[in-house]
Amino acid sequence: MKNLTNEELKEISGGGFSFSILAGIAAGIAFIIGVIDGLVRPLKCNY
């Protein structure tokens with residue numbers, strides 16, 4: 001097995017789906033659902 005140097009380790013980029021992209025998509029979907037819910041069934045504030 002070959003040990004990698006620090007320079008070689010810095011050049012490695014991970015593949016796959018980034019967690020930040022997944023979190024952004026989930027937040028966008030939740031926001032859109034909230035907007036649609038607010039338009040369809042508006043509720044009075046309790047404050």
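What percentage of the 47 residues of the chain count as buried? The share is 0%, where buried means under 20% relative accessible area, exposed means over 50%, and partly exposed lies in between (1.4 Å probe, protein chains only). The model is predicted: local features need pLDDT of at least 70, side-chain atom pairs count only at pLDDT 80 or more, and totals for chains, interfaces and linings use all residues. Residues are numbered from 1 along each chain as its sequence is written, and side-chain values use heavy atoms, with hydrogens and water left out.

**Overall form**

- The chain has two helices and zero strands; helices (H or I, at least four residues) and strands (E, at least two) are DSSP runs, numbered from the N terminus.
- The C-alpha trace spans about 65 × 20 × 15 Å along its principal axes.

- Leu22 counts as partly exposed because its relative accessibility is 46%.
- Ala23 is also partly exposed, with a relative accessible area of 36%.
- Between the C-alpha atoms of Ala23 and Lys44, which are 21 residues apart along the chain, the separation is 30 Å.
- A nonpolar patch on the surface is formed by Phe17, Phe19, Ile21, Leu22, Ile25, Ile29 and Ile33, which together have about 760 Å² of accessible area.
- Patches are made of residues with over 30% relative accessible area and no salt bridge; like charges are joined within 9 Å, and nonpolar side chains (Val, Leu, Ile, Met, Phe, Trp, Tyr) within 5 Å.

**Charges and salt bridges**

- Side chains of opposite charge can pair when their charged atoms come close.
- The structure holds two salt bridges, each defined as a side-chain nitrogen of Lys or Arg within 4 Å of a carboxyl oxygen of Asp or Glu.
- Lys2 forms a salt bridge with Glu8, and their closest N and O atoms are 3.4 Å apart.
- Lys2 is exposed because its relative accessible area is 61%, whereas Glu8, at 29%, is partly exposed.
- Asp37 forms a salt bridge with Arg41, with the closest N and O atoms 2.9 Å apart.
- Asp37 counts as partly exposed at 33% relative accessibility, and Arg41 counts as partly exposed at 47%.

Conventions
Areas by Shrake-Rupley, 256 points an atom, 1.4 Å probe, with all protein chains shown as cover.
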